[in-house]
Amino acid sequence: MTPRLAHPDEAAVLWRIRNLAIRHGCKSVYPAEVITAWTPDALPAGYFEAIKGNPFFVIDDPEHGVAATGFLDLKSGSVEAIFTLPACNGKGYASAIMTAIIHEARLRGFKQLTLAATPNASGFYLLHGFSTVREALYPSALAKADLPCVEMMLTL
């Protein structure tokens, strides 16, 4: 299970993984109407640019095809969009992507990484060496809401 860089033409598949992961993993954290607004089927225009302009990693599963995603936002030095198809949870795919992102950040000279985790995902990041900075509200334009999150950081 080796992460590879995503191709821009995979954007719709990656967006679907994101939405399925949020709908599955966040249902006990956020109200249903917020999740529905936050996970539209329509692909945002900026998503292609995120794939093209950043090291955007994916994992291929023999049964499901592309099964996990995640990228290093080069402008902000943040970890973004680590999502796994619910059917592939527990296979270590998100951890492999996290390892690839941390490695990439070190290669590029980053001294720290940041992220805003959903409350249900913060434990995953703690296991990968991140520490909690504070609880906060993340303003989501898609959800049209301020989403409770956990701001975290990792010193490299």
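**Close-up views of a predicted model**

**View 1. The largest nonpolar core has 49 residues.** In this predicted model, the core residues with the most contacts inside it are Leu14, Val79, Ile82, Ile101, Leu113, Tyr125 and Phe130. Helix α4 (residues 93-107) supplies the largest share of this core, with 9 residues. As general background, nonpolar side chains in soluble globular proteins tend to be buried together.

**View 2. Meet the contacts of Leu14.** Which residues does Leu14 touch once its neighbours within four places in sequence are left aside? They are Ala6, Tyr47, Ile51, Phe56, Val58, Val66 and Thr69. Leu14 is also one of the residues with the most contacts inside the largest nonpolar core.

**View 3. Helix α1 crosses helix α3.** Here the axes of α1 (residues 11-25) and α3 (residues 46-53) come within 10 Å and cross at roughly 105°. Angles from 65 to 115 degrees count as roughly perpendicular, and therefore α1 and α3 are described that way. On the α1 side you can find Ala11, Leu14 and Trp15, which meet Tyr47, Phe48 and Ile51 of α3. Sorted by class, this contact has 6 nonpolar residues, no polar ones and no charged ones.

**View 4. Two buried cysteines, Cys26 and Cys88.** A disulfide is a covalent bond between the sulfur atoms of two cysteines. How many disulfides does the structure hold? The count is 0.

Methods: Residues are numbered from 1 along each chain as its sequence is written. This is a predicted model: local features need pLDDT of at least 70, side-chain atom pairs count only at pLDDT 80 or more; totals for chains, interfaces and linings use all residues. Side-chain values use heavy atoms; hydrogens and water are left out. A nonpolar core is a set of buried Ala, Val, Leu, Ile, Met, Phe, Trp, Tyr and Cys residues joined through side-chain atoms within 4.5 Å. Buried means under 20% relative accessible area, exposed over 50%, partly exposed in between (1.4 Å probe, protein chains only). Helices (H or I, at least four residues) and strands (E, at least two) are DSSP runs, numbered from the N terminus. Contact means heavy atoms within 4.5 Å. A disulfide is a pair of cysteine sulfur atoms within 2.5 Å. Axes are lines fitted to C-alpha atoms, for helices over the stretch in contact, and angles run from 0 to 180 degrees between N-to-C directions. Angles under 35 degrees count as roughly parallel, over 145 as roughly antiparallel, 65 to 115 as roughly perpendicular and the rest as oblique. Ala, Val, Leu, Ile, Met, Phe, Trp, Tyr, Cys and Pro count as nonpolar, Asp, Glu, Lys and Arg as charged, and the others, Gly among them, as polar.
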